[in-house]
Structure formats: structure tokens, C-alpha cells
Amino acid sequence: MDIISQLQEQVDIIASLGFNTIGTLQRDAPPVRLSQNYPEPPANTAEDFAEQPKLMSAALVKAAKQFDALVAALPLAEGGEEAQLKRIAELQAENDAVGQELQRQLEAAEKELKQVQELFSQATDNCLNLKKPD
């Protein structure tokens, strides 16, 4: 798997861990009394609640460190920003030239198609005219 795919996968893992962490905290956090007018909330029965945030935060930190390691493994751009902009301009010019050539080929193909359609039409007319009336 290439490095970009690994980075995308790592981002997915981080997002999933974050989503699960928030969901677990919302689900298992002990209730809080919002006002003196409300009765005391029931006690939370989750015994491992204090341990879960530690485990989940450790998993998030580990995933973030793996992401950082993958980013550090990315190849450095050669020549800096100026060289990259020059290369982009070269690729854009090449793309424009190829696009113009494709446009010329498309126009030639459309012209040839019209010729073929006209010849086919003439051929079918000639076949119909050769048929003897009953």
C-alpha cells in the first residue's frame, strides 16, 4: 500500500477512535444534577468508567503518532515551492497541448462520421431504388 493510502487509512482510524471515544464518554459518563429542583441522578453502574478514558486516549495518541510517522516518511519536495510551481506550469502546458490534439482528433472523427453516414444513406437509397415495383 502506498504512503498516501496509509495516511488516509490512519485518518479513518483516528476519526473512528475519536467518534467511539466521544460516544463512550457520553454513554458512560456519570450523570450530573442540573438543578436543585431535580432529584439526585441514579448512580452509574459502569465500574470501568475511570479506566476507559485512559485506554481510549492512549489509543488516540498512538494513532496520532503513527500518522505523524507516516507524514515524516513522505518524500520531500525537490527544489522548493518555485520548482513545484514551474513543474505545475509545465504539466499544465502539456495538458493543454494534449487537449488541443484530442479536440482536433474529435473534430476529424466527427467529420468522418458524417461522411460515413452520408455514404450509408446514399447506399440505402440506391438499394431501395433498385427494387422493382410490384
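In what order do the elements of the protein run from the N terminus on? They run α-α-α, and the protein has three helices and zero strands. Helices here are DSSP runs of H or I with at least four residues, strands are runs of E with at least two, and both are numbered from the N terminus. The radius of gyration is 34 Å, well over the 14 Å that the globule rule gives for 134 residues, so the protein is more spread out than a compact globule. That radius is taken over C-alpha atoms, and the rule is 2.2 Å times the number of residues to the power 0.38.

Please note that this is a predicted model, in which local features need pLDDT of at least 70 and side-chain atom pairs count only at pLDDT 80 or more, while totals for chains, interfaces and linings use all residues. Residues are numbered from 1 along each chain as its sequence is written, and side-chain values use heavy atoms, with hydrogens and water left out.

The C-alpha atoms fill a box of roughly 100 × 60 × 30 Å along the principal axes. Of the 134 residues, 7% count as buried, meaning under 20% relative accessible area with a 1.4 Å probe, protein chains only.

I turn now to one residue. Gln 52 lies in helix α2, which spans residues 51–72. Is Gln 52 buried or exposed? Gln 52 is buried, with a relative accessible area of 18%. Leaving aside residues up to four places away in sequence, Gln 52 touches Thr 24, Arg 27 and Asp 28; contact means heavy atoms within 4.5 Å.

Key
Buried < 20%, exposed > 50% of the residue type's maximum accessible area, 1.4 Å probe, protein only.
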